[in-house]
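Trainee: Hi! Could you walk me through this structure, starting with the whole chain and then some details?

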Amino acid sequence: MTQKKYLKESIKVGDKELIVETGKVAKQADGSVVIRYGDTILLVTAVSARIAKEGLDFFPLTVEYRESSYAAGRIPGNYFRREGRPSEKEVLTCRLIDRPVRPLFADGYRFETQVVGSVISSDTDNDPDVIAITGASMALYLSDIPFENPLAGLRIGLIDGKYIVNPTYDQRRESVLNLIVAGTEEAIVMVEAEAQEVAESIVVEALMLAHKEIKRLCLWQKELGKALKIEKRKFASPQLDEKLTTDIEAAYGDKLRAALDTTGKDKLSSYSAIDALKKEVVDSYPDDNPETRQMAGKVFGHLKEKIFREDMLGKRRRPDGRKFSEIRPITCEVGWLPRVHGSALFTRGETQAIVTTTLGTKMDEQFMDDIEKGEVRRRFLLHYNFPPYSVGETGRFGGSSRREIGHGNLARRAIESILPDEGDFPYTLRIVSEITESNGSSSMATVCGGCLSLMEAGVPIKRAVAGVAMGLVMEGNRYAILSDIAGAEDHYGDMDFKVTGTTEGITALQMDIKVAGINAMILQEALEQARKGRLHILEIMEKAIAQPREDISPFAPRIITLMIHPDKIRDVIGPGGKMIRSITEETGAKIDISDDGTVLIATADGEAAQQAVARIKSLTAEAEIGETYLGTVSRIVDFGAFVEILPGLDGLLHISEISDRRVRDVRDELKEGQQIMVKCIGKEGNKVKLSRKALLPKEESKTATEGEN
């Protein structure tokens, strides 16, 4: 191991310095940096094996990212009091790093590579995720790993019409746009965004601003590389055999073009024809020449992509014969499942999702450890499941994959901004999307189906949301923008661009780009074509259900909201929770009490709900000055009597307020257990003053009237 040269430099990003230090920590890794922004610090390392893995047809890259609780001065809140499996945020950040880094390695690189990002200090202002993207690039670029083109990550916010570079957590809560961009000096390569119905033109402006800042960071990394005099390992991408390529194209080109044509065919039939043709190509070479047979398989794959791109850019034709802006046939059904609170079956071409909405109470909120706030609650959950049968395959069922978590998060961000406020609709919401068929953008089917199921469940959303997956094929000055891409178009295209939104604007965006040269004009054109596709889908969805149902499902819990004085919370809960448990057991209702005195009573049984309301009101009722009560004398003392006017609430009836004549002994007028009418004449803190004398004229008048009758 050679001695690593020490270096520490900084550059201004937004309103803070981004500081990087290398050659001090984790020196046995091929590359390592300590990167700091504010008081948020990450250690990012990179290691790449020096012997290639044989027999692989993919790049064996793994990315790990961890946010340790100690970084924020906390102990984990789980039972084991240590970090467990990666949280959703950690998985999503792994994807944020992997997606832009992976395409920048040379084709054919088969050396196992691992990038590890560890948050070792966390402030309450700066999210480590975008810092981790830049840190991963620096760990790779400032090493001998053949990673030749640095990249950087940046977040853009928008508050009161002003763009903010790397907004803080607090600023993000005010921002109508949360845009994460990763890119190289030449191009944007990855985008993630959530927005509150933002216009397409604003998104393009934000992307251009982000790329301007990213260019600075990439040039800075190149300067650091020169200062460290980094020498990269030698690697050359394997080349195809030219003669073999010419021979296979001449013999099988037309057959392959016919197999790739999916007009009037389903995906599996096309795939089967392509696989059979590949076997025919490979089998045309003798068994005793495995290298030639292996090369023939690679040439076949290259030829598939070449034909696809030639047909797209030269003949202006998609594999299934659709126009570039055409959306596949869509059918929507709601109320498809009888017992769930809301359901939809959304089918677009060969992509289909069963999507359900379940309404829960505050007790159903998800508790999560968060590096910024510690323990946080999430009211809206969206879970995406992609079983192997959806693509005609077998496979293991286990925990959620990174892909499932990523697609579910995209759909959740797409829908979240149109949900009603908790104060107006105090339910916990869970959407589950079961993908039953897949040939292109099941995440967008999840968005559409999720919105339909919410409306069918009676959730008063602001507007409907739809999503469409866009693609791009580009060579030189020629390009084709594709709406509603299918699987092959995603695989062989140069851009996967998912856009969700309402009739008013964008709510979420996810983009991965494989080529340089995507300019603002092409982005604007792609977004406009996506907008038209989105409006087309929204029109079809509206025919299935135009507005949220006026009432929620009879199988969903009804939630009644009460407000009590915070001082009364202890009365409802009771010693050790005894009182609230008894109410729950007697009525079957779920009861949740917030610190501000908000009481949520949830049950599908209306009578049980009213019983619970009555019990809580009786426990929390307060005397009001001027009101009359039928009370029970609970205790007699020399200076008066204590009268229970409400359950658990006694007021003092002073001896002077018992009668309009002088009372020598209270016991001459009252007895314990006697019921009397009293009036509340004053309150001092928790003390209630009562009067019987104030009601006597009315009682005497009533008695006189009865005597005359």
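Mentor: Happy to; we will begin with the overall picture and then visit a few strands and residues.

Mentor: One thing to keep in mind is that this is a predicted model.

Trainee: Got it. How many helices and strands are in the chain?

Mentor: The chain contains 15 helices and 29 strands.

Trainee: And what box do the C-alpha atoms fill?

Mentor: Along the principal axes, the box is roughly 125 × 60 × 50 Å. The radius of gyration of the chain is 34 Å, whereas a compact globule of 709 residues would have one near 27 Å.

Trainee: What share of the residues is buried?

Mentor: Of the 709 residues in the chain, 51% are buried.

Trainee: What about contacts, how much comes from residues 24 or more positions apart?

Mentor: Counting contacts with a separation of 6 or more, 69% are between residues 24 or more positions apart.

Trainee: And charges? How many positive and negative side chains are there?

Mentor: There are 97 positive and 110 negative ones, and the centres of the two sets lie 2 Å apart.

Trainee: Let's zoom in. Which strands does β18 pair with?

Mentor: β18 covers residues 466–475. With strand β20 (residues 495–501), β18 runs antiparallel and is joined by seven bridges. With strand β19 (residues 478–483), the pairing is also antiparallel, over six bridges.

Trainee: What's in the hairpin of β18 and β19?

Mentor: Two residues lie between the strands, and in this hairpin Gly 476 has a positive phi near 60 degrees.

Trainee: Why is β18 described as largely enclosed?

Mentor: Nine of its 10 residues are buried, so β18 is largely enclosed by the rest of the structure.

Trainee: Okay, another strand. What does β25 pair with?

Mentor: β25 (residues 628–637) pairs with strand β28 (residues 675–684) in the antiparallel sense, over five bridges. β25 also runs antiparallel to strand β26 (residues 640–646), with five bridges joining them.

Trainee: How does the chain get from β25 to β26?

Mentor: Through a hairpin of two residues. For landmarks, Val 633 stands opposite Val 643 in β26, while Thr 632 has Gln 675 of β28 as its bridge partner.

Trainee: Where are they, and are they buried or exposed?

Mentor: Arg 316 sits in the loop between α7 (290–313) and β11 (330–334), and it is partly exposed, with a relative accessible area of 44%. Ser 441 sits in the loop between β17 (428–437) and α9 (442–456). Ser 441 counts as buried because its relative accessible area is 13%, and the cut-off for buried is under 20%.

Trainee: Nice. What about Gly 423, is it buried or exposed?

Mentor: Gly 423 is exposed, at 75% relative accessible area. You'll find it in the loop between α8 (402–416) and β17. Its C-alpha atom is 9.4 Å from that of Thr 561, although the two are 138 residues apart along the chain.

Trainee: And Ser 270?

Mentor: Ser 270 is part of helix α6 (residues 267–283). It is buried, with a relative accessible area of 2%. Leaving out residues up to four places away in sequence, Ser 270 touches Ala 259, Leu 260 and Thr 262.

Trainee: Last one! Where is Ala 106?

Mentor: Ala 106 is in the loop between α1 (88–101) and β6 (113–121). With 33% relative accessibility, Ala 106 is partly exposed. Beyond its neighbours within four places in sequence, Ala 106 contacts Phe 235 and Ser 237. Between Ala 106 and Phe 147, the C-alpha to C-alpha distance is 8.0 Å, with 41 residues separating them in sequence.

Trainee: Thanks, I'll go and find these in the viewer!

How values were computed
Residues numbered from 1 in each chain as written. Predicted model: local features only at pLDDT ≥ 70, side-chain atom pairs only at ≥ 80, totals over all residues. Heavy atoms only, no water. Helix = DSSP H or I, 4+ residues; strand = E, 2+ residues; numbered from the N terminus. Rg over C-alpha atoms; globule rule 2.2 N^0.38 Å. Buried < 20%, exposed > 50% of the residue type's maximum accessible area, 1.4 Å probe, protein only. Contact = heavy atoms within 4.5 Å. Lys, Arg positive; Asp, Glu negative; His and termini not counted. Charge placed at Lys NZ, Arg CZ, Asp CG, Glu CD. Pairing = 2+ DSSP bridges.
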